[in-house]
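Here's a friendly walk through one protein model for anyone meeting it for the first time. Take a look at the picture, then read on.

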Amino acid sequence: MGVSGSTNSDLFHDWAKLPISREQWAYESAQQMRLNFSNCMPMPGAEQLVHNLSRAHSVASGQKIELALATGAKSQSYEVKTSRPETKRLIDFFLPERRILGDDPRIPKGCGKPAPDIYLVALQVLNSAVRPDEKAILPSECLVFEDSLAGFEAARRAGMKVVWVPHPDLLAEYQERQTEALANKTGVLQTGHEWRFERMDNDWEEKILTLENFDYEGYGIDVSV
């Protein structure tokens, strides 16, 4: 679900009504994650997408597109998840100082996704490199790619446009409640920031099934360099 810390584990434990304690479930799931995270692969089209964006410009302003990574994964699991050569190639498109992880000290405790803080920190990092003669990047000028529902909500709450690329299993789970999910009305993820989310326009989000053949032109992005 993309929920940081123990929240995800607790939610699943309660939902599945597992016949073991939360502590035992957390321990066993952590062991399985260590075994399987090293097999994580980028989504189809992800490397080409990031490569294109790394050299792209805004059609409207002519400014270079700036990239940042904002993941709810904490340092230890992040290192395992990004250990494969294919993933390392993708991550290399992001400057080290622009990789914001779930345990970044600038994110207040308890304010991981679906709270907006991680994306606001990422934006702050991008704006820290803006030259005096350049305009700071606004949240409404940001485009976020997310696979999780919690991440989708976090980006929307930050006032950013979002492209949701859900895993087929997640999409199937929320197929009948997709409108609710994309409007933050499932009742599953509450952070106290709901008032910010309600102000977002519905056309600030899009769902796609793959990152391949992304519609850059539709988002005012010029990749013809």
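Which residues does Leu53 touch, leaving out residues up to four places away in sequence? They are Ile65, Leu67, Phe145, Tyr216 and Ile221. Keep in mind that this is a predicted model, and that residues are counted from 1 along the chain.

**Around Leu53**

You'll find Leu53 in helix H3, which covers residues 46-54. Is Leu53 buried or exposed? Its relative accessible area is 8%, and the cut-off for buried is under 20%, so Leu53 counts as buried. For a sense of distance, take Lys64: it sits eleven residues from Leu53 in sequence, and the two C-alpha atoms are 9.0 Å apart in space.

**The whole chain**

Stepping back, the protein chain has 225 residues, and 37% of them are buried. It contains ten helices and seven strands. Its accessible surface comes to about 13,000 Å², with carbon and sulfur atoms accounting for 54% of that. How do the contacts run along the sequence? Take the contacts between residues at least 6 apart in sequence: 64% of them join residues at least 24 apart.

**Two nonpolar cores**

In soluble globular proteins, nonpolar side chains tend to be buried together. In this model, the largest nonpolar core has 24 residues. The ones with the most contacts inside it are Ile100, Ile107, Ile118, Tyr119, Val144, Met160 and Trp164. Four elements supply at least two residues each: helix H6 (117-127), helix H7 (149-157), strand S5 (161-164) and helix H8 (168-173). Which of them gives the most? That's H6, with six residues.

Val144 is worth a stop of its own. Setting aside residues up to four places away in sequence, Val144 touches Tyr119, Ala155, Met160, Lys161, Val162 and Val163.

There's also a second, separate core of 21 residues. Leu53 turns up again here, as this core includes Ala46, Leu49, Leu53 and Ile221. Ile221 was also one of the residues touching Leu53.

How many of the nine residues of H7 are buried? Nine of nine, so to speak: the helix is mostly covered. The list runs Leu149, Ala150, Gly151, Phe152, Glu153, Ala154, Ala155, Arg156 and Arg157, with Glu153, Arg156 and Arg157 among the buried residues. At the start of the helix, a side-chain oxygen of Ser148 comes to within 2.9 Å of the backbone nitrogen of Gly151. Just after the helix, Gly159 has a positive phi of about 85 degrees.

Helix H5 spans residues 85-91, and Thr87 is part of it. Thr87 has a relative accessibility of 10%, which means that this residue counts as buried. Not counting residues up to four places away in sequence, Thr87 touches Cys40, Met41, Pro42, Lys81 and Thr82.

**Salt bridges**

Side chains of opposite charge can pair when their charged atoms come close. The structure holds nine salt bridges.

| Salt bridge | Closest N and O atoms |
|---|---|
| Arg89 and Glu47 | 3.2 Å |
| Glu134 and Arg131 | 3.2 Å |
| Glu141 and Lys135 | 2.9 Å |

What does the bridge between Arg89 and Glu47 tie together? Arg89 lies in helix H5 and Glu47 in helix H3, so this pair links parts that are 42 residues apart in sequence. Arg89 is partly exposed at 42% relative accessibility, and Glu47 is partly exposed at 29%.

Glu134 and Arg131 are partly exposed too, with relative accessibility of 28% for Glu134 and 47% for Arg131. They belong to a network of salt bridges that links Arg131, Asp133 and Glu134.

As for the pair of Glu141 and Lys135, Glu141 counts as partly exposed at 45% relative accessibility, while Lys135 is partly exposed with a relative accessible area of 46%.

Key
Predicted model: local features only at pLDDT ≥ 70, side-chain atom pairs only at ≥ 80, totals over all residues. Heavy atoms only, no water. Buried < 20%, exposed > 50% of the residue type's maximum accessible area, 1.4 Å probe, protein only. Contact = heavy atoms within 4.5 Å. Areas by Shrake-Rupley, 256 points an atom, 1.4 Å probe, with all protein chains shown as cover. Core = buried A, V, L, I, M, F, W, Y, C linked by side-chain atoms within 4.5 Å. Polar contact = N/O pair within 3.5 Å; in protein donor to acceptor, adjacent residues only side chain to side chain. Salt bridge = Lys/Arg side-chain N within 4 Å of Asp/Glu carboxyl O.
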